[in-house]
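Student: I have a structure open and would like to talk it through. Can we go over some of its parts together?
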Amino acid sequence: MSAHSWIAVDWGTTHLRAFAMDGRSVVAQFSSDRGMGTLSASEFENALLDVIGPWLDRPTPVLACGMVGSRQGWVEARYLPVPCKPLSESFTEAPTKDTRLRVWIVPGLSQASPPDVMRGEETQIAGFLSLNPGWDGVICLPGSHTKWAHISAGEVISFQTVMTGEMLAALSGSTVLRHSMAPTGWDEKVFLDTLDQTRSRPETLATQLFRTRATDLLHGLDPVAARSRIIGALIGAELAATRPYWLGQPIAVIGATEPSRGYLAGLRAQGAAPIEADGDAMTRAGLSVAHSKLMETA
């Protein structure tokens with residue numbers, strides 16, 4: 001492992017992903033399910049060492065992003081108020097006992113009005129902008145809490161959060177709809193038909209959701225089609241709510257394949273031409289930006 005010079009860590013609520021880095025190149029990677037939500041403040045260092053301990057043959061800088069820097073995380077990292085460049089200011093150092101470790105957590109972003117915050121997505125935005133200099137437009141970051149960020153001159157001007165992913169998880173795990181929908185699967189035609197109905201009349205969202213259950217009970221409904229209808233209804237309402245952000249703008253969608261698929265299909269159906277970027281790659285690129293800034297000030 002002597003080829004690596006630093007370690008990038010993406011530490012969210014449910015998962016921890018670590019990458020041994022040589023510059024911007026990945027030398028090794030490892031992940032665990034010890035996300036922020038499973039740990040107390042005193043457990044973070046050991047959880048990290050369990051993952052990266054074999055890589056630590058000498059003192060090594062670690063750059064981390066995500067919910068590890070939340071109020072419930074290892075140490076609370078500051079929020080930078082928008083408008084601002086992502087990762088534009090100093091990082092928060094986490095307390096460590098192991099002398100091989102120095103851990104810095106990147107700041108999140110905040111918006112005073114309407115109130116909003118993000119952690120982790122700012123790093124993906126910084127990574128995307130480092131690979132696409134001069135890009136202006138709107139970045140959509142699908143996930144449990146999907147973010148829509150307006151980008152101009154390298155700054156996040158404003159953003160908004162929509163809890164579509166978390167709503168889908170709740171509906172599929174804790175409501176009557178769980179009896180009708182498959183846990184996975186995709187029917188794009190059903191998705192787009194439902195998305196179009198809900199986008200044009202977002203006030204019918206709750207009705208559309210229960211209608212899926214009623215259709216299954218009365219006529220039978222393929223579980224994959226049921227899932228696609230529910231996702232279509234949720235994203236359709238979201239596209240209606242966020243229309244002032246994305247309409248007529250260059251759009252980039254950053255995320256994993258599964259959550260991004262519906263957004264890409266829905267936006268294309270509305271005449272947009274979004275470009276797609278891998279979320280993990282953008283996170284690593286953003287943490288590489290953070291590492292470069294850290295080395296400049298060292």
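**The hairpin, the cysteines and a pocket**

Tutor: Let us start with the hairpin of β11 and β12, where two residues lie between the strands and A153 takes a positive phi near 55°. Please keep in mind that this is a predicted model.

Student: How do β11 and β12 pair, and over how many bridges?

Tutor: Strand β11, residues 146–152, and strand β12, residues 155–162, run antiparallel to each other and pair over seven bridges.

Student: And which residue in β12 is the bridge partner of H150?

Tutor: That partner is S158.

Student: New topic: how many disulfides does the structure hold?

Tutor: The structure holds zero disulfides.

Student: Is C140 buried or exposed?

Tutor: C140 is buried, with a relative accessibility of 0%, and C65 is buried as well, with a relative accessible area of 1%.

Student: What about the second largest pocket, how much space lies in it?

Tutor: It holds about 230 Å³ of space. The lining has 15 residues, and the closest to the pocket's centre are K85, P86, A126, L129 and G154.

Student: Which helix gives the largest share of that lining?

Tutor: That is α2, with three residues, while α2 (121–131) and α9 (279–297) each supply at least two.

Student: What kinds of residues make up the lining of the second largest pocket?

Tutor: Eight are nonpolar, five are polar and two are charged.

Conventions
Residues numbered from 1 in each chain as written. Predicted model: local features only at pLDDT ≥ 70, side-chain atom pairs only at ≥ 80, totals over all residues. Heavy atoms only, no water. Pairing = 2+ DSSP bridges. Helix = DSSP H or I, 4+ residues; strand = E, 2+ residues; numbered from the N terminus. Disulfide = S-S within 2.5 Å. Buried < 20%, exposed > 50% of the residue type's maximum accessible area, 1.4 Å probe, protein only. 1 Å grid on protein atoms, 1.4 Å probe; cavity = no way out; pocket = protein on both sides within 12 Å on 5 of 7 lines; lining within 4 Å. Points joined across faces, edges and corners; volume = space filled by probe spheres on them. Nonpolar A, V, L, I, M, F, W, Y, C, P; charged D, E, K, R; others polar.
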